[in-house]
Amino acid sequence: YQRRVHGDRYRAAYWKDLIPTHGPESAWKHSIFNQLFSQLWNKTPILFTTDRWWKVETINFGAQDAGGPYRQSIAELSSDLWESFCPLLIDVPNNQLPGRPALRMPNPAATSPLYLRQLEFLGRLMGGCLCTNEHVALDMPPFMWKMLVSTPVTLWDLKGVDLVAAKELLELVQNPHNVTSCGLLVGSGQELSIKLSNGQTQKLTLTSNDAEHVVEAMAKARLEECITQVHAIRKGMYSVVTESILQGLNWRDLRVAVAGDPHIAVDKMKKCVTVQNRSPQTEYFWKAIEQMTHTQRSNFLRFGTGRTRLPVRLQVEWQGSSLDHLPTAGVCNNVIRIPMYRSADIMLKKLLMAVEMCGDIDTDGDRRRGDFDLGQA
């Protein structure tokens, strides 16, 4: 069932640069996520149960897909889901609070048939993660993962999405007669609406103006503000894995299986990265890794494997090339080859230059052609 797909990174980047003049819609239309969706939506969901969902052929890059470009395409579509031009997801309101991790949630406004199909396609990808070792690097609050496994959610769970709104609603549950002074409420009489996470408002369904009834309707609206989008994602997941399997998971298991581990700690890396034993270069390598930020470690993993999160399988080897050279990667074989630099500081500098400047898989194609098939490294 493996499908061959075409992708154009240059086209995606070109339209992303044109957002100021052409708007976010064109950037989303030409994104890697949407390019893959357009080619795979009408294909059988069974392909997501295979070890490898598709084989990539992309334009203007020289590589043959033996695994590396495939994994990189998943990383790229995951990255698209974090972009502000993505209409399917929004930042949770808590992202505006200091010290909070960046999280995304389904956009309550993503209600068009196209957007719901794209959310269903996202669900297929997430279901595929349960069948394979792939990950869609999507961080959502526990509230959303609970909904996906049909675990009831409460206003206490809403705190992980919108702390300010959750506190207001919890206070109103205790003192419903203060509802008229609630900042979430818009309108008067029975023409009342509540502010949602995306800044828009939703009309409340009221049968009376009783304060307790109004508060109950407000809580219901916020707890179910993206229920339509969650149903679409869940439908996509059910097309790949059975409902009993999904509901047999707790939300934490689902989160790790789908999104991987976003916290790339050094001790976790040591369990996944095998380093050729050579002193003192091995010690320099781990000292360099320790000095990297989580983002830099994620880029390092992507440089060597095409994946951005743990767990991965990665081999580090030493090579006798000039110390002026940068490290190189064989992504399809999950290997990084590093010159034998003479200090941890030089090791760190050269690694960061390589992973930040040479993140794309290329150089294997016939450069005399007008375009290339992206597929390997």
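E191 is exposed, with a relative accessible area of 53%. K203 is exposed too, at 52%. Here exposed means over 50% relative accessible area, buried means under 20%, and partly exposed lies in between, using a 1.4 Å probe and protein chains only. The side chains of E191 and K203 form a salt bridge, with N and O 3.3 Å apart. A salt bridge requires a side-chain nitrogen of Lys or Arg within 4 Å of a carboxyl oxygen of Asp or Glu. The pair links distant parts of the chain: E191 sits in strand β6 (residues 191-195) and K203 in strand β7 (residues 201-203), twelve residues apart. Helices (H or I, at least four residues) and strands (E, at least two) are DSSP runs, numbered from the N terminus.

## Basis of the values

This is a predicted model, in which local features need pLDDT of at least 70, side-chain atom pairs count only at pLDDT 80 or more, and totals for chains, interfaces and linings use all residues. Residues are numbered from 1 along each chain as its sequence is written, and side-chain values use heavy atoms, leaving out hydrogens and water.

## Buried and networked salt bridges

The whole structure holds 16 salt bridges. One of them joins R309 to D139, with the closest N and O atoms 2.7 Å apart. This pair also links distant parts of the chain, 170 residues apart. R309 lies in the loop between α16 (294-305) and β9 (314-319), while D139 lies in the loop between α6 (113-131) and α7 (142-148). R309 counts as buried because its relative accessibility is 10%. D139 counts as buried because its value is 17%.

Two further cases follow. E225 bridges to R222, with the closest N and O atoms 3.6 Å apart. E225 and R222 are both buried. R9, E76 and R302 are linked in a network of salt bridges. Side chains of opposite charge can pair when their charged atoms come close.

## A four-strand mixed sheet

Four strands form an open sheet in the order β8-β9-β11-β10, with mixed pairing. Two strands pair if DSSP finds at least two bridges between them. The edges are β8 (273-275) and β10 (328-330), each pairing on one side only. From one strand to the next, the twist averages 25°.

β8 and β9 pair in the parallel sense over three bridges. T274 has Q315 in β9 as its bridge partner. β9 and β11 (residues 335-339) run parallel and are joined by five bridges. W318 stands opposite I338 in β11. E317 has R337 in β11 as its bridge partner.

Contact means heavy atoms within 4.5 Å. Axes are lines fitted to C-alpha atoms, for helices over the stretch in contact, and angles run from 0 to 180 degrees between N-to-C directions.

The axes of α15 and α16 come within 8 Å and cross at roughly 130°. The two helices are therefore oblique to each other. Angles under 35 degrees count as roughly parallel, over 145 as roughly antiparallel, 65 to 115 as roughly perpendicular, and the rest as oblique. On the α15 side, F285, I289, E290 and Q291 meet Q296, R297 and F300 of α16. This contact has three nonpolar, two polar and two charged residues. Nonpolar covers Ala, Val, Leu, Ile, Met, Phe, Trp, Tyr, Cys and Pro; charged covers Asp, Glu, Lys and Arg; the others, Gly among them, count as polar.
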